[in-house]
Amino acid sequence: MGDSGVHGRCITEINAAILECSLQKLLSYAASPEKVTYEYEKYISFPNRKLYGIAKSEEFFACIGVEFLEDSQCEIKHIAVSPEMRGQNIGSEMIDFICQSYPFCQIIAETDQQAVEFYRKYGFLVSNLGEKYTGVERFHCVYWMKR
């Protein structure tokens with residue numbers, strides 16, 4: 001799959017062998033910094049994982065990583081927008097891109113208190129998983145695609 005745009009932005013599949021600095025910083029917003037390289041290697045190594053990004057002046061400012069599951073499901077593993085670009089519907093555009101690019105029936109995600117409203121506003125059904133890690137409340141989010 002080549003470059004595609006949703007709302008005038010170019011969303012590109014990322015599959016370079018070397019983790020680029022701006023992308024490393026972005027992924028650190030969605031994964032713990034010590035796990036960024038490990039998570040990136042999964043996108044490069046596993047055919048059921050894809051990572052997409054949006055760049056400006058060759059610097060990534062947004063990314064979405066998905067894992068293709070059985071039964072027409074997809075799981076958002078990572079989604080991040082740089083702080084200075086937030087509030088411009090870029091996260092929603094990236095989910096729109098996934099919805100338009102693949103024939104999924106359902107998209108799932110797990111998130112924290114900080115991002116749960118983003119998923120709720122997009123239309124995900126949210127259920128509380130409780131305190132999955134000490135002091136960290138987690139949420140399971142499910143989006144049924146309209147076909």
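**Reading salt bridges, strands and cores**

Q: How do the side chains of K132 and E110 meet?

A: In a salt bridge, with N and O 2.8 Å apart. That pair links distant parts of the chain, since K132 is in strand β7 (residues 125-133) and E110 in strand β6, 22 residues apart. As for the general idea, side chains of opposite charge can pair when their charged atoms come close. Here the test is a side-chain nitrogen of Lys or Arg within 4 Å of a carboxyl oxygen of Asp or Glu. Keep in mind that this is a predicted model: local features need pLDDT of at least 70 and side-chain atom pairs count only at pLDDT 80 or more, while totals for chains, interfaces and linings use all residues. Residues are numbered from 1 along each chain as its sequence is written, and side-chain values use heavy atoms, with hydrogens and water left out.

Q: Are K132 and E110 buried, partly exposed or exposed?

A: Start with the scale: buried is under 20% relative accessible area, exposed is over 50%, and partly exposed is in between (1.4 Å probe, protein chains only). K132 is partly exposed at 44%, and E110 counts as partly exposed at 25%.

Q: How many salt bridges does a search of the whole structure find?

A: It finds 10. One of them joins the side chains of R9 and E93, with 2.8 Å from N to O. R9 sits in the loop between β1 (4-5) and β2 (10-13), E93 in helix α3, and they are 84 residues apart. R9 is partly exposed at 22%, whereas E93 counts as buried at 7%.

Q: Which residue forms a salt bridge with R49?

A: That's E39, with the closest N and O atoms 3.2 Å apart. R49 lies in strand β3 and E39 in helix α2 (residues 36-45), so the pair ties together parts that are 10 residues apart in sequence. Both ends count as buried: R49 at 6% relative accessibility and E39 at 12%.

Q: Let's turn to the strands. Which strands pair with β5, and in which sense?

A: The elements come from DSSP runs, numbered from the N terminus: helices are H or I with at least four residues, strands are E with at least two. Two strands pair if DSSP finds at least two bridges between them. Strand β4 (residues 59-69) runs antiparallel to β5, and eight bridges join them. Look for V66, whose bridge partner in β5 is I76. The hairpin of β4 and β5 has three residues between the strands, and D71 takes a positive phi near 60 degrees there. With β6 (residues 106-112), β5 pairs in the parallel sense over four bridges, and I107 in β6 is the bridge partner of C74.

Q: What unit do β5, helix α3 and β6 make?

A: To judge handedness, point the strands away from you: a crossover is right-handed if the path from the first strand over the helix to the second runs clockwise. β5, α3 (residues 90-101) and β6 make a right-handed β-α-β unit. As for cover, seven of the nine residues of β5 (residues 73-81) are buried.

Q: Which residues touch the most other members of the largest nonpolar core?

A: Such a core is a set of buried Ala, Val, Leu, Ile, Met, Phe, Trp, Tyr and Cys residues joined through side-chain atoms within 4.5 Å. Of the 29 residues in the largest one, I64, I76, M94, I98, I107 and F124 touch the most other members. Helix α3 gives the most to this core, with six residues. A second, separate core has 12 residues, including L27, Y40, Y43 and L51.

Q: How are the rings of Y52 and F97 arranged?

A: Rings of Phe, Tyr and Trp (its six-membered ring) pair if their centres lie within 6.5 Å; planes under 30 degrees apart count as stacked, over 60 as edge-to-face and the rest as tilted. By this rule the count is nine aromatic pairs. The centres of Y52 and F97 are 4.9 Å apart with planes at 70 degrees, so this pair is edge-to-face. Y52 is in strand β3 and F97 in helix α3, 45 residues apart, and both are buried. Y122 and F124 make a tilted pair, 5.9 Å centre to centre with 50 degrees between the planes. F118, Y119, Y122, F124 and Y143 form one aromatic cluster.
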